[in-house]
Amino acid sequence: MKTAALAASFLSLLAGGALADSRPLTVNIEDATSWVRNFNPFMVGTARESTLDFIYEPLMIFNKYQNDKVTYRLATAYALSDDLKSVTFTFRDGVLWSDGQPLTIKDVLFTYAFIKKTPALDATGIWAKLDTVEAVGTDQVKFTFKAPSSLAAAKINDVPIVPEHVWKDVANPATFANDTPVGSGPMTEIPRFTEQTYDQCRNPHYWDAANLKVDCLRFPELGTNDQMLTALASGDLDWGAAFIPEIQKTYIAADPDHFHYWFPPGTLVGFIFNLESSDPGNRKAFDDIKFRRAVSMAFDRDAMVNVAAYGYPTPNTDASGIGASFPTWTDQAVVDKHKAEMTYDVDAAKKALADAGYVDKDGDGFVDNPDGSKIKFDVIVPNGWTDWVSTVQIAVEGMNAIGIDAKMVTPESAVWQSQIADGSFQMAINSWHSRATPFYTYYEAFNEGSIGKTRFAGHRYHDDAVQQLLAAYEATADSAKQHDIVHQLQAKIADALPFLPVFNNPIWYEYSSRHFTGWADKDNPWIDPSSYSEHYRLLQLLALKPTGM
(Lines give C-alpha, C1' and ligand atoms only; values in the text may rest on other atoms or scores of the structure.)
Protein backbone atom coordinates (compact mmCIF):
# COMPACT_ATOMS: atom_id res chain seq x y z
CA MET A 1 0.00 0.00 0.00
CA LYS A 2 2.77 2.38 1.02
CA THR A 3 4.86 1.41 -2.03
CA ALA A 4 1.92 2.02 -4.31
CA ALA A 5 1.33 5.43 -2.78
CA LEU A 6 4.96 6.41 -3.24
CA ALA A 7 4.90 5.23 -6.86
CA ALA A 8 1.76 7.24 -7.49
CA SER A 9 3.38 10.30 -5.94
CA PHE A 10 6.44 9.87 -8.17
CA LEU A 11 4.32 9.52 -11.27
CA SER A 12 2.32 12.58 -10.32
CA LEU A 13 5.57 14.54 -10.05
CA LEU A 14 6.53 13.37 -13.52
CA ALA A 15 3.15 14.50 -14.80
CA GLY A 16 4.03 18.07 -13.84
CA GLY A 17 7.36 18.05 -15.66
CA ALA A 18 10.57 16.06 -15.81
CA LEU A 19 12.32 15.53 -12.50
CA ALA A 20 15.52 17.48 -13.01
CA ASP A 21 17.20 16.98 -9.66
CA SER A 22 16.21 14.93 -6.64
CA ARG A 23 17.61 17.52 -4.27
CA PRO A 24 14.93 19.85 -2.91
CA LEU A 25 15.49 23.59 -2.76
CA THR A 26 15.89 24.29 0.98
CA VAL A 27 14.34 27.57 2.05
CA ASN A 28 13.88 29.62 5.19
CA ILE A 29 10.55 31.35 4.85
CA GLU A 30 9.48 31.88 8.47
CA ASP A 31 10.92 31.37 11.94
CA ALA A 32 9.45 28.80 14.30
CA THR A 33 10.43 26.17 16.84
CA SER A 34 8.03 23.57 15.38
CA TRP A 35 5.76 23.32 12.36
CA VAL A 36 1.98 22.97 12.61
CA ARG A 37 0.27 21.59 9.50
CA ASN A 38 -1.95 24.47 8.42
CA PHE A 39 -2.35 25.69 4.84
CA ASN A 40 -5.49 27.81 5.20
CA PRO A 41 -4.72 30.88 3.03
CA PHE A 42 -7.13 33.06 4.99
CA MET A 43 -5.52 32.40 8.39
CA VAL A 44 -2.92 35.16 8.42
CA GLY A 45 -0.38 34.54 11.15
CA THR A 46 -1.10 30.85 11.75
CA ALA A 47 -0.97 29.23 8.30
CA ARG A 48 2.41 28.22 6.95
CA GLU A 49 4.04 31.07 5.03
CA SER A 50 4.51 28.79 2.02
CA THR A 51 0.73 28.76 1.51
CA LEU A 52 0.38 31.96 -0.49
CA ASP A 53 2.12 32.13 -3.88
CA PHE A 54 3.35 28.52 -3.80
CA ILE A 55 -0.03 26.82 -3.19
CA TYR A 56 -2.40 29.68 -4.09
CA GLU A 57 -1.05 31.69 -7.01
CA PRO A 58 -1.81 35.43 -7.31
CA LEU A 59 -3.55 36.94 -10.31
CA MET A 60 -0.45 38.92 -11.23
CA ILE A 61 2.72 40.43 -9.81
CA PHE A 62 3.71 44.13 -9.88
CA ASN A 63 7.50 44.39 -9.88
CA LYS A 64 8.72 47.59 -8.23
CA TYR A 65 12.25 46.76 -9.38
CA GLN A 66 11.07 47.10 -12.99
CA ASN A 67 8.87 50.23 -12.75
CA ASP A 68 5.87 48.19 -11.58
CA LYS A 69 5.98 45.93 -14.65
CA VAL A 70 3.14 43.40 -14.49
CA THR A 71 3.73 39.66 -14.78
CA TYR A 72 0.38 37.93 -15.22
CA ARG A 73 -0.28 34.64 -13.46
CA LEU A 74 -3.91 33.45 -12.98
CA ALA A 75 -5.06 36.56 -14.82
CA THR A 76 -4.01 37.60 -18.32
CA ALA A 77 -5.19 41.23 -18.25
CA TYR A 78 -6.97 43.84 -16.16
CA ALA A 79 -8.73 47.10 -16.97
CA LEU A 80 -9.43 49.93 -14.54
CA SER A 81 -12.49 52.04 -15.38
CA ASP A 82 -12.04 55.76 -16.10
CA ASP A 83 -13.88 56.71 -12.88
CA LEU A 84 -11.60 54.34 -10.87
CA LYS A 85 -14.67 52.63 -9.40
CA SER A 86 -14.27 49.23 -11.01
CA VAL A 87 -11.63 46.87 -12.29
CA THR A 88 -12.23 43.93 -14.62
CA PHE A 89 -9.88 40.95 -14.70
CA THR A 90 -9.56 38.47 -17.54
CA PHE A 91 -8.66 35.00 -16.27
CA ARG A 92 -6.29 32.55 -17.88
CA ASP A 93 -7.89 29.72 -19.81
CA GLY A 94 -6.93 26.11 -19.17
CA VAL A 95 -5.76 26.43 -15.55
CA LEU A 96 -6.40 23.33 -13.44
CA TRP A 97 -6.48 22.92 -9.70
CA SER A 98 -3.93 20.46 -8.31
CA ASP A 99 -6.60 17.73 -8.19
CA GLY A 100 -7.20 18.11 -11.92
CA GLN A 101 -10.47 20.00 -11.85
CA PRO A 102 -10.67 23.24 -13.88
CA LEU A 103 -10.21 26.64 -12.24
CA THR A 104 -12.97 28.92 -13.56
CA ILE A 105 -14.44 32.30 -12.73
CA LYS A 106 -17.05 30.41 -10.69
CA ASP A 107 -14.24 29.78 -8.20
CA VAL A 108 -13.48 33.50 -8.14
CA LEU A 109 -17.12 34.42 -7.53
CA PHE A 110 -17.38 31.71 -4.87
CA THR A 111 -14.24 32.96 -3.05
CA TYR A 112 -15.55 36.51 -2.74
CA ALA A 113 -19.03 35.39 -1.68
CA PHE A 114 -17.43 33.04 0.82
CA ILE A 115 -15.30 35.68 2.58
CA LYS A 116 -18.21 38.11 2.54
CA LYS A 117 -20.33 35.52 4.32
CA THR A 118 -17.49 34.78 6.78
CA PRO A 119 -15.83 38.11 7.68
CA ALA A 120 -13.13 36.33 9.72
CA LEU A 121 -11.66 35.21 6.38
CA ASP A 122 -11.45 38.74 5.01
CA ALA A 123 -7.86 39.35 6.14
CA THR A 124 -7.34 42.25 3.73
CA GLY A 125 -10.65 43.94 4.58
CA ILE A 126 -11.60 43.89 0.90
CA TRP A 127 -15.35 43.88 1.56
CA ALA A 128 -15.10 47.20 3.38
CA LYS A 129 -14.19 48.61 -0.05
CA LEU A 130 -16.13 46.39 -2.45
CA ASP A 131 -19.70 46.86 -3.55
CA THR A 132 -20.28 44.04 -6.06
CA VAL A 133 -18.46 41.19 -7.79
CA GLU A 134 -19.98 39.89 -11.02
CA ALA A 135 -19.13 37.69 -13.99
CA VAL A 136 -18.64 39.22 -17.43
CA GLY A 137 -18.94 36.47 -20.00
CA THR A 138 -17.08 33.26 -19.30
CA ASP A 139 -13.58 34.50 -18.52
CA GLN A 140 -13.90 37.91 -16.87
CA VAL A 141 -14.90 39.17 -13.41
CA LYS A 142 -15.79 42.79 -12.68
CA PHE A 143 -15.13 44.18 -9.19
CA THR A 144 -16.99 47.39 -8.35
CA PHE A 145 -15.83 49.51 -5.43
CA LYS A 146 -17.89 51.74 -3.14
CA ALA A 147 -15.52 54.63 -3.85
CA PRO A 148 -12.92 55.34 -6.56
CA SER A 149 -9.66 53.46 -6.06
CA SER A 150 -6.57 53.79 -8.21
CA LEU A 151 -5.23 50.77 -6.27
CA ALA A 152 -8.20 48.52 -7.01
CA ALA A 153 -6.20 45.98 -8.99
CA ALA A 154 -3.57 45.58 -6.25
CA LYS A 155 -6.25 45.10 -3.60
CA ILE A 156 -7.99 42.37 -5.57
CA ASN A 157 -4.64 40.72 -6.18
CA ASP A 158 -4.08 40.26 -2.44
CA VAL A 159 -7.08 37.92 -2.04
CA PRO A 160 -6.28 34.20 -2.60
CA ILE A 161 -8.67 32.30 -4.89
CA VAL A 162 -9.78 28.89 -3.54
CA PRO A 163 -11.61 25.99 -5.25
CA GLU A 164 -15.36 25.98 -4.70
CA HIS A 165 -15.59 22.19 -4.90
CA VAL A 166 -13.35 21.89 -1.81
CA TRP A 167 -14.31 24.89 0.31
CA LYS A 168 -18.10 24.83 -0.15
CA ASP A 169 -18.32 21.93 2.29
CA VAL A 170 -16.01 23.39 4.96
CA ALA A 171 -18.14 23.94 8.06
CA ASN A 172 -15.72 26.14 10.01
CA PRO A 173 -13.47 27.87 7.45
CA ALA A 174 -11.90 30.23 10.00
CA THR A 175 -10.39 27.26 11.86
CA PHE A 176 -10.02 24.86 8.91
CA ALA A 177 -6.40 23.64 8.77
CA ASN A 178 -6.60 22.69 5.07
CA ASP A 179 -3.93 20.09 5.73
CA THR A 180 -4.19 18.53 2.25
CA PRO A 181 -4.49 21.64 0.11
CA VAL A 182 -5.90 21.77 -3.41
CA GLY A 183 -4.26 24.80 -5.00
CA SER A 184 -3.36 26.56 -8.23
CA GLY A 185 0.30 27.36 -7.57
CA PRO A 186 3.48 25.50 -8.52
CA MET A 187 4.03 23.66 -5.22
CA THR A 188 0.85 22.13 -3.81
CA GLU A 189 1.77 18.59 -2.71
CA ILE A 190 2.92 17.88 0.86
CA PRO A 191 4.55 14.42 0.75
CA ARG A 192 6.37 14.87 4.08
CA PHE A 193 5.45 16.89 7.14
CA THR A 194 6.93 16.73 10.64
CA GLU A 195 7.30 19.27 13.43
CA GLN A 196 10.90 19.83 12.30
CA THR A 197 10.68 19.91 8.51
CA TYR A 198 8.27 19.60 5.61
CA ASP A 199 8.48 19.27 1.85
CA GLN A 200 6.23 21.01 -0.64
CA CYS A 201 6.40 19.61 -4.17
CA ARG A 202 5.15 20.07 -7.71
CA ASN A 203 1.52 20.66 -8.53
CA PRO A 204 0.91 17.75 -10.95
CA HIS A 205 -1.40 19.96 -13.03
CA TYR A 206 0.47 23.29 -12.86
CA TRP A 207 -0.37 25.42 -15.88
CA ASP A 208 3.19 26.83 -16.14
CA ALA A 209 5.04 23.55 -15.51
CA ALA A 210 7.33 24.11 -18.50
CA ASN A 211 8.95 27.02 -16.69
CA LEU A 212 9.23 25.30 -13.32
CA LYS A 213 12.63 23.61 -12.91
CA VAL A 214 12.53 22.92 -9.17
CA ASP A 215 10.73 19.76 -8.06
CA CYS A 216 10.40 20.31 -4.32
CA LEU A 217 10.86 22.95 -1.67
CA ARG A 218 12.07 21.90 1.77
CA PHE A 219 11.37 24.02 4.84
CA PRO A 220 13.55 23.07 7.83
CA GLU A 221 12.52 24.46 11.20
CA LEU A 222 14.95 27.27 12.05
CA GLY A 223 13.89 29.37 15.01
CA THR A 224 16.79 31.75 15.53
CA ASN A 225 19.35 33.75 13.59
CA ASP A 226 22.09 31.55 15.04
CA GLN A 227 20.41 28.41 13.69
CA MET A 228 20.04 30.15 10.35
CA LEU A 229 23.73 30.97 10.22
CA THR A 230 24.65 27.37 11.01
CA ALA A 231 22.38 26.06 8.25
CA LEU A 232 23.69 28.58 5.71
CA ALA A 233 27.38 28.11 6.48
CA SER A 234 27.07 24.33 6.30
CA GLY A 235 25.46 24.56 2.88
CA ASP A 236 22.25 22.94 4.11
CA LEU A 237 20.17 26.04 3.33
CA ASP A 238 19.95 27.32 -0.25
CA TRP A 239 17.77 30.42 0.26
CA GLY A 240 17.89 32.33 3.54
CA ALA A 241 16.49 35.56 4.92
CA ALA A 242 18.15 36.48 8.19
CA PHE A 243 20.34 38.95 9.97
CA ILE A 244 23.85 37.45 9.95
CA PRO A 245 26.54 39.25 12.00
CA GLU A 246 29.85 39.85 10.21
CA ILE A 247 28.52 38.03 7.17
CA GLN A 248 31.75 38.02 5.15
CA LYS A 249 33.57 36.20 7.94
CA THR A 250 30.77 33.98 9.26
CA TYR A 251 29.06 32.92 5.99
CA ILE A 252 30.75 33.96 2.74
CA ALA A 253 34.21 32.79 3.83
CA ALA A 254 32.92 29.21 4.16
CA ASP A 255 32.51 28.95 0.35
CA PRO A 256 33.24 32.21 -1.48
CA ASP A 257 32.53 30.65 -4.88
CA HIS A 258 28.96 29.67 -4.03
CA PHE A 259 27.78 31.58 -0.95
CA HIS A 260 26.40 35.06 -1.61
CA TYR A 261 24.26 37.83 -0.11
CA TRP A 262 22.61 41.05 -1.19
CA PHE A 263 20.93 43.43 1.27
CA PRO A 264 18.91 46.07 -0.67
CA PRO A 265 16.95 48.72 1.33
CA GLY A 266 13.78 47.37 2.89
CA THR A 267 11.26 47.65 5.65
CA LEU A 268 10.59 50.32 8.22
CA VAL A 269 11.26 49.09 11.76
CA GLY A 270 9.76 50.85 14.76
CA PHE A 271 8.09 50.45 18.12
CA ILE A 272 4.39 50.54 18.86
CA PHE A 273 2.36 50.97 22.00
CA ASN A 274 -0.99 49.20 22.25
CA LEU A 275 -3.23 52.26 22.38
CA GLU A 276 -6.11 50.02 23.48
CA SER A 277 -4.13 48.24 26.21
CA SER A 278 -6.23 46.30 28.72
CA ASP A 279 -4.09 47.81 31.51
CA PRO A 280 -5.69 51.17 32.42
CA GLY A 281 -2.48 52.77 33.70
CA ASN A 282 -0.44 51.81 30.68
CA ARG A 283 -3.24 52.78 28.33
CA LYS A 284 -3.45 56.23 29.88
CA ALA A 285 0.30 56.80 29.35
CA PHE A 286 0.39 55.29 25.85
CA ASP A 287 -2.48 57.53 24.78
CA ASP A 288 -0.51 60.66 25.72
CA ILE A 289 1.53 62.10 22.86
CA LYS A 290 3.86 63.76 25.40
CA PHE A 291 4.70 60.33 26.85
CA ARG A 292 5.33 58.84 23.40
CA ARG A 293 7.60 61.75 22.42
CA ALA A 294 9.63 61.36 25.63
CA VAL A 295 10.09 57.65 24.91
CA SER A 296 11.25 58.44 21.38
CA MET A 297 13.94 60.74 22.80
CA ALA A 298 15.15 57.89 25.02
CA PHE A 299 15.94 55.71 21.96
CA ASP A 300 19.60 55.63 20.91
CA ARG A 301 18.99 54.94 17.22
CA ASP A 302 22.67 55.08 16.29
CA ALA A 303 23.43 52.30 18.80
CA MET A 304 20.50 50.27 17.47
CA VAL A 305 21.93 50.50 13.94
CA ASN A 306 25.64 50.20 14.63
CA VAL A 307 25.76 47.98 17.71
CA ALA A 308 22.58 45.89 17.58
CA ALA A 309 22.45 45.44 13.80
CA TYR A 310 26.15 45.68 12.85
CA GLY A 311 25.57 48.75 10.70
CA TYR A 312 23.41 47.02 8.07
CA PRO A 313 20.26 49.22 8.48
CA THR A 314 19.99 52.98 8.08
CA PRO A 315 18.65 55.17 10.94
CA ASN A 316 15.14 56.51 10.48
CA THR A 317 14.76 59.90 12.14
CA ASP A 318 11.58 60.94 10.34
CA ALA A 319 8.72 60.92 12.86
CA SER A 320 6.34 59.96 10.05
CA GLY A 321 8.42 56.93 9.05
CA ILE A 322 9.00 57.84 5.38
CA GLY A 323 12.65 58.54 6.02
CA ALA A 324 15.39 58.58 3.45
CA SER A 325 13.86 55.62 1.58
CA PHE A 326 11.47 57.91 -0.32
CA PRO A 327 13.33 61.21 -0.84
CA THR A 328 11.07 62.34 -3.70
CA TRP A 329 8.00 61.92 -1.49
CA THR A 330 9.36 63.50 1.70
CA ASP A 331 8.48 66.98 2.94
CA GLN A 332 11.73 67.96 4.66
CA ALA A 333 9.97 70.67 6.67
CA VAL A 334 8.03 67.96 8.50
CA VAL A 335 11.22 66.04 9.24
CA ASP A 336 12.89 69.20 10.59
CA LYS A 337 9.87 70.15 12.73
CA HIS A 338 10.11 66.89 14.69
CA LYS A 339 13.88 66.57 14.76
CA ALA A 340 14.16 67.08 18.55
CA GLU A 341 11.83 64.23 19.50
CA MET A 342 13.68 61.89 17.12
CA THR A 343 17.08 62.73 18.64
CA TYR A 344 18.59 60.69 21.48
CA ASP A 345 18.64 62.96 24.55
CA VAL A 346 18.04 61.38 27.96
CA ASP A 347 18.00 64.68 29.85
CA ALA A 348 15.48 66.18 27.46
CA ALA A 349 13.33 63.04 27.72
CA LYS A 350 13.36 63.20 31.53
CA LYS A 351 12.38 66.87 31.45
CA ALA A 352 9.58 66.18 28.96
CA LEU A 353 8.15 63.51 31.26
CA ALA A 354 8.42 65.72 34.34
CA ASP A 355 6.87 68.70 32.54
CA ALA A 356 3.94 66.47 31.56
CA GLY A 357 3.38 65.38 35.19
CA TYR A 358 5.04 61.93 35.05
CA VAL A 359 6.84 61.60 38.41
CA ASP A 360 7.52 58.76 40.87
CA LYS A 361 4.56 59.06 43.26
CA ASP A 362 4.83 55.69 45.03
CA GLY A 363 8.57 55.73 45.58
CA ASP A 364 9.43 52.57 43.61
CA GLY A 365 11.97 54.35 41.43
CA PHE A 366 9.77 54.58 38.31
CA VAL A 367 7.45 57.31 37.08
CA ASP A 368 3.68 57.03 37.41
CA ASN A 369 0.85 58.71 35.53
CA PRO A 370 -0.05 62.26 36.62
CA ASP A 371 -3.10 60.79 38.42
CA GLY A 372 -0.85 58.31 40.29
CA SER A 373 -1.84 55.19 38.35
CA LYS A 374 0.93 52.68 37.64
CA ILE A 375 2.93 52.42 34.41
CA LYS A 376 4.64 49.06 33.93
CA PHE A 377 4.88 47.04 30.74
CA ASP A 378 6.71 44.42 28.68
CA VAL A 379 8.21 45.00 25.24
CA ILE A 380 7.82 41.91 23.06
CA VAL A 381 10.31 40.79 20.40
CA PRO A 382 10.59 37.39 18.67
CA ASN A 383 12.94 34.98 20.38
CA GLY A 384 16.12 34.42 18.38
CA TRP A 385 15.85 37.52 16.20
CA THR A 386 19.18 38.60 17.60
CA ASP A 387 19.45 42.01 15.93
CA TRP A 388 15.94 42.94 17.06
CA VAL A 389 16.53 41.51 20.53
CA SER A 390 19.59 43.73 20.89
CA THR A 391 17.60 46.67 19.52
CA VAL A 392 14.89 46.16 22.14
CA GLN A 393 17.52 45.86 24.87
CA ILE A 394 18.83 49.30 23.89
CA ALA A 395 15.28 50.67 23.84
CA VAL A 396 14.49 49.25 27.28
CA GLU A 397 17.75 50.60 28.70
CA GLY A 398 16.79 54.02 27.35
CA MET A 399 13.31 53.88 28.87
CA ASN A 400 14.67 52.67 32.21
CA ALA A 401 17.15 55.55 32.15
CA ILE A 402 14.31 58.09 32.05
CA GLY A 403 12.39 56.30 34.80
CA ILE A 404 9.99 54.08 32.85
CA ASP A 405 9.39 50.55 34.21
CA ALA A 406 9.73 48.51 31.01
CA LYS A 407 11.35 45.13 30.38
CA MET A 408 11.90 42.85 27.40
CA VAL A 409 10.00 39.59 26.78
CA THR A 410 10.90 37.19 23.93
CA PRO A 411 7.99 34.98 22.78
CA GLU A 412 8.23 32.77 19.70
CA SER A 413 7.75 34.73 16.48
CA ALA A 414 4.27 33.28 15.84
CA VAL A 415 3.16 34.27 19.35
CA TRP A 416 4.68 37.75 18.94
CA GLN A 417 2.76 38.17 15.71
CA SER A 418 -0.56 36.92 17.08
CA GLN A 419 -0.28 39.01 20.25
CA ILE A 420 0.18 42.18 18.21
CA ALA A 421 -2.69 41.25 15.91
CA ASP A 422 -5.14 40.37 18.70
CA GLY A 423 -4.08 43.22 20.99
CA SER A 424 -2.85 41.14 23.93
CA PHE A 425 0.43 43.07 24.28
CA GLN A 426 1.64 46.34 25.75
CA MET A 427 4.60 47.45 23.62
CA ALA A 428 6.33 45.75 20.69
CA ILE A 429 8.97 46.17 18.05
CA ASN A 430 7.33 45.86 14.64
CA SER A 431 7.99 46.38 10.93
CA TRP A 432 6.11 47.45 7.81
CA HIS A 433 6.75 46.53 4.19
CA SER A 434 8.46 48.88 1.79
CA ARG A 435 6.81 49.03 -1.60
CA ALA A 436 6.73 51.34 -4.61
CA THR A 437 5.57 54.44 -2.67
CA PRO A 438 5.24 55.38 1.03
CA PHE A 439 1.47 55.19 0.66
CA TYR A 440 1.56 51.41 1.00
CA THR A 441 3.39 51.60 4.34
CA TYR A 442 0.82 54.10 5.60
CA TYR A 443 -2.05 52.01 4.30
CA GLU A 444 -0.64 48.87 5.90
CA ALA A 445 -0.27 50.68 9.23
CA PHE A 446 -3.50 52.70 9.30
CA ASN A 447 -6.11 50.74 7.40
CA GLU A 448 -8.70 50.36 10.13
CA GLY A 449 -10.05 47.23 8.45
CA SER A 450 -6.80 45.47 9.37
CA ILE A 451 -7.06 46.09 13.11
CA GLY A 452 -7.38 42.77 14.88
CA LYS A 453 -6.38 40.84 11.75
CA THR A 454 -2.73 41.67 11.12
CA ARG A 455 0.20 42.95 13.18
CA PHE A 456 0.69 45.96 10.92
CA ALA A 457 -2.14 47.98 12.51
CA GLY A 458 -1.35 46.57 15.95
CA HIS A 459 -1.00 49.99 17.57
CA ARG A 460 -4.75 50.52 17.07
CA TYR A 461 -4.42 54.18 16.20
CA HIS A 462 -7.59 55.88 14.94
CA ASP A 463 -7.75 59.21 13.12
CA ASP A 464 -10.61 60.04 10.78
CA ALA A 465 -8.46 62.58 8.93
CA VAL A 466 -5.84 59.94 8.17
CA GLN A 467 -8.54 57.59 6.91
CA GLN A 468 -9.87 60.33 4.65
CA LEU A 469 -6.40 61.05 3.26
CA LEU A 470 -5.84 57.35 2.53
CA ALA A 471 -9.15 57.29 0.69
CA ALA A 472 -8.28 60.50 -1.18
CA TYR A 473 -5.00 59.00 -2.40
CA GLU A 474 -6.84 56.03 -3.81
CA ALA A 475 -9.42 58.25 -5.43
CA THR A 476 -6.95 59.82 -7.83
CA ALA A 477 -4.39 58.54 -10.30
CA ASP A 478 -2.81 62.02 -10.59
CA SER A 479 0.80 61.77 -9.36
CA ALA A 480 1.00 65.42 -8.24
CA LYS A 481 -2.15 65.06 -6.16
CA GLN A 482 -0.87 61.80 -4.67
CA HIS A 483 2.39 63.49 -3.63
CA ASP A 484 0.44 66.31 -1.98
CA ILE A 485 -1.70 63.80 -0.08
CA VAL A 486 1.39 61.92 1.12
CA HIS A 487 2.80 65.22 2.42
CA GLN A 488 -0.42 65.74 4.38
CA LEU A 489 -0.25 62.19 5.72
CA GLN A 490 3.38 62.71 6.67
CA ALA A 491 2.48 65.83 8.67
CA LYS A 492 -0.51 64.20 10.42
CA ILE A 493 1.43 61.08 11.39
CA ALA A 494 4.52 62.96 12.54
CA ASP A 495 2.36 65.18 14.74
CA ALA A 496 0.63 62.15 16.28
CA LEU A 497 3.62 59.77 16.47
CA PRO A 498 1.50 56.58 16.58
CA PHE A 499 4.63 54.48 15.93
CA LEU A 500 8.22 55.30 16.86
CA PRO A 501 10.47 54.70 13.79
CA VAL A 502 14.04 53.64 14.59
CA PHE A 503 15.63 52.36 11.36
CA ASN A 504 15.06 50.91 7.90
CA ASN A 505 16.01 47.28 7.74
CA PRO A 506 17.77 45.91 4.70
CA ILE A 507 16.03 43.11 2.86
CA TRP A 508 17.77 40.03 4.25
CA TYR A 509 18.78 37.70 1.41
CA GLU A 510 21.43 34.99 1.45
CA TYR A 511 21.71 32.32 -1.22
CA SER A 512 23.88 29.44 -2.38
CA SER A 513 24.69 28.66 -6.02
CA ARG A 514 26.05 25.19 -5.21
CA HIS A 515 22.89 23.38 -6.30
CA PHE A 516 20.68 26.01 -7.98
CA THR A 517 21.33 28.99 -10.29
CA GLY A 518 19.22 31.88 -11.49
CA TRP A 519 19.36 33.99 -8.35
CA ALA A 520 18.72 37.73 -8.38
CA ASP A 521 21.80 39.62 -7.21
CA LYS A 522 23.17 43.14 -6.79
CA ASP A 523 24.47 43.10 -10.40
CA ASN A 524 21.09 41.95 -11.73
CA PRO A 525 18.60 43.49 -9.31
CA TRP A 526 15.47 42.53 -11.19
CA ILE A 527 13.34 41.59 -8.20
CA ASP A 528 12.88 41.88 -4.43
CA PRO A 529 14.88 38.75 -3.62
CA SER A 530 13.70 37.77 -0.13
CA SER A 531 11.96 34.46 0.45
CA TYR A 532 9.67 36.45 2.76
CA SER A 533 8.48 38.81 0.01
CA GLU A 534 5.03 37.77 -1.11
CA HIS A 535 4.48 37.35 -4.85
CA TYR A 536 8.11 38.21 -5.75
CA ARG A 537 9.32 34.90 -4.34
CA LEU A 538 7.18 33.09 -6.90
CA LEU A 539 9.09 34.81 -9.73
CA GLN A 540 12.39 33.94 -8.05
CA LEU A 541 11.35 30.28 -7.78
CA LEU A 542 10.44 30.18 -11.47
CA ALA A 543 13.85 31.66 -12.39
CA LEU A 544 15.81 28.96 -10.55
CA LYS A 545 17.11 25.73 -12.00
CA PRO A 546 19.44 23.00 -10.77
CA THR A 547 23.13 23.53 -11.55
CA GLY A 548 24.17 21.91 -14.80
CA MET A 549 20.62 21.97 -16.23
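Which residues are buried in H12? The views below are of a predicted model, and the first of them gives the answer.

**View 1. Helix H12 and its buried residues.** Asp-387, Trp-388, Val-389, Thr-391, Val-392, Ile-394, Ala-395, Val-396, Gly-398 and Met-399 are buried in H12. The helix has 16 residues. From first C-alpha to last, H12 reaches 22 Å, close to the 22 Å expected at 1.5 Å a residue. Just after H12 comes Gly-403, with a positive phi of about 95°.

**View 2. The largest nonpolar core.** This core has 75 residues. Those with the most contacts inside it are Phe-271, Phe-291, Phe-299, Phe-377, Met-399, Ile-404 and Met-427. Helix H12, residues 386-401, gives the largest share of the core, seven residues. In soluble globular proteins, nonpolar side chains tend to be buried together.

**View 3. Surroundings of Met-399.** Which residues does Met-399 touch, not counting residues up to four places away in sequence? They are Val-295, Ala-298, Phe-299, Phe-377, Val-379, Ile-404, Ala-406 and Met-427. Met-399 is itself one of the buried residues of H12.

**View 4. An edge-to-face tryptophan pair.** The whole structure holds 46 aromatic pairs. In one of them, the ring centres of Trp-388 and Trp-416 are 5.9 Å apart. Their planes stand at 75°, so the pair is edge-to-face. Trp-388 belongs to helix H12 and Trp-416 to helix H13 (residues 413-422), so the pair ties together parts that are 28 residues apart in sequence. Both Trp-388 and Trp-416 are buried.

View 5. Phe-439 sits in helix H14 (residues 438-446) and Tyr-473 in helix H15 (residues 464-474), so the pair ties together parts that are 34 residues apart in sequence. Phe-439 counts as buried, at 0% relative accessibility. Tyr-473 is buried too, with a relative accessible area of 3%.

**View 6. An aromatic cluster, and arginines over rings.** Phe-62, Tyr-78, Phe-89, Phe-91, Tyr-112 and Phe-143 form one aromatic cluster. Arg-92 lies over the face of Trp-207, at 4.0 Å from the ring centre. Over the ring of Phe-54 sits the charged end of Arg-537, 5.6 Å from the ring's centre.

**View 7. The disulfide.** The structure holds one disulfide. Cys-201 and Cys-216 form it, with sulfur atoms 2.0 Å apart. Is the disulfide of Cys-201 and Cys-216 right-handed or left-handed? The torsion about the S-S bond is about 110°, so it is right-handed. Cys-201 lies in strand S9 (residues 197-202) and Cys-216 in strand S10 (residues 216-220), so the pair ties together parts that are 15 residues apart in sequence. Both Cys-201 and Cys-216 are buried.

**View 8. Trp-329 in its loop.** Trp-329 is found in the loop between strand S14 (314-315) and helix H10 (332-337). Its relative accessible area is 9%, under the 20% limit, so Trp-329 is buried. Not counting residues up to four places away in sequence, Trp-329 touches Ile-322, Thr-437, Pro-438, Tyr-473, Gln-482, His-483, Val-486, His-487 and Gln-490. Trp-329 and Asn-505 are 176 residues apart in sequence and 19 Å apart in space, C-alpha to C-alpha.

**View 9. Pro-148 in its loop.** This proline lies in the loop between strand S7 (140-145) and helix H3 (152-157). Pro-148 counts as partly exposed, at 31% relative accessibility. Neighbours within four places in sequence aside, Pro-148 is in contact with Asp-83, Leu-84, Lys-85, Glu-474 and Ala-475. Pro-148 and Gly-281 are 133 residues apart along the chain, and 42 Å separates their C-alpha atoms.

**View 10. Helix H9 and its cover.** Arg-301, Ala-303, Met-304, Val-305 and Ala-308 are buried in helix H9 (residues 301-308). What covers these buried residues of H9 includes strand S13 (265-273), helix H8 (289-297), S14, H12 and strand S18 (499-506). Tyr-310 follows H9 and has a positive phi, near 55°.

Technical notes
Residues are numbered from 1 along each chain as its sequence is written. This is a predicted model: local features need pLDDT of at least 70, side-chain atom pairs count only at pLDDT 80 or more; totals for chains, interfaces and linings use all residues. Side-chain values use heavy atoms; hydrogens and water are left out. A nonpolar core is a set of buried Ala, Val, Leu, Ile, Met, Phe, Trp, Tyr and Cys residues joined through side-chain atoms within 4.5 Å. Buried means under 20% relative accessible area, exposed over 50%, partly exposed in between (1.4 Å probe, protein chains only). Helices (H or I, at least four residues) and strands (E, at least two) are DSSP runs, numbered from the N terminus. Contact means heavy atoms within 4.5 Å. Rings of Phe, Tyr and Trp (its six-membered ring) pair if their centres lie within 6.5 Å; planes under 30 degrees apart count as stacked, over 60 as edge-to-face and the rest as tilted. A charge sits over a ring if NZ of Lys or CZ of Arg is within 6 Å of the ring centre and within 35 degrees of the ring normal. The expected span of a helix is 1.5 Å times one less than its number of residues. A disulfide is a pair of cysteine sulfur atoms within 2.5 Å.
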